[in-house]
Amino acid sequence: MENIPPRHTKVDKVINSVVGNIVLENPVGYARNESNLYCVSPMGKVIWFAELPEPGVLFTRVKFDDLGEKLVTYSTRGHACEVELRTGKLLSKILMQ
């Protein structure tokens, strides 16, 4: 794992991508007004924060889709989401019941 300092909690996962390092911080104790999934440039600057599926809902898991073109994520409330790799914009969300 890359040595990326966490913003609020601890880094659970780092994924290297063409855009930068995708960072997932642990949602427990993380600030609820900011996404815990974000992209960091090689210089250490945050490029984007992933759009949240709902206010106050954070991400628990992240991986590339099968083509490596977008991120597949899951939330603390049970959303399955797709996130655009270059911008962090939410492409789709489904609330799993």
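**Close-up views of a predicted model**

Glutamate 34 is buried, with a relative accessible area of 17%. The views below all come from a predicted model.

**View A. Glutamate 34 pairs with arginine 7 in a salt bridge.** Here the N to O distance is 3.0 Å. The pair links distant parts of the chain, 27 residues apart: arginine 7 sits in the segment before β1 (11–16), and glutamate 34 in the loop between β2 and β3. While glutamate 34 counts as buried because its 17% falls under 20%, arginine 7 is partly exposed at 39% relative accessibility.

**View B. Asparagine 36 is buried in the loop between β2 (21–25) and β3 (37–40).** Its relative accessible area is 0%. Follow the side chain of asparagine 36 and you will find one of its polar atoms 2.7 Å from the backbone oxygen of glutamate 25. The backbone oxygen of phenylalanine 59 also lies 2.8 Å from a polar atom of this side chain. Beyond its neighbours within four places in sequence, asparagine 36 is in contact with several residues, among them Val23, Pro27, Tyr30 and Leu58.

**View C. Glutamate 82 and lysine 70 join two strands through a salt bridge.** Their side chains meet at 3.6 Å, N to O. Glutamate 82 is partly exposed at 26% relative accessibility, and lysine 70 is partly exposed at 25%.

**View D. Aspartate 12 forms a salt bridge with lysine 10.** The closest N and O atoms are 3.1 Å apart. Aspartate 12 is partly exposed, its relative accessible area being 28%. This pair is one of four salt bridges in the structure.

Definitions and conventions:
Residues numbered from 1 in each chain as written. Predicted model: local features only at pLDDT ≥ 70, side-chain atom pairs only at ≥ 80, totals over all residues. Heavy atoms only, no water. Helix = DSSP H or I, 4+ residues; strand = E, 2+ residues; numbered from the N terminus. Buried < 20%, exposed > 50% of the residue type's maximum accessible area, 1.4 Å probe, protein only. Polar contact = N/O pair within 3.5 Å; in protein donor to acceptor, adjacent residues only side chain to side chain. Contact = heavy atoms within 4.5 Å.
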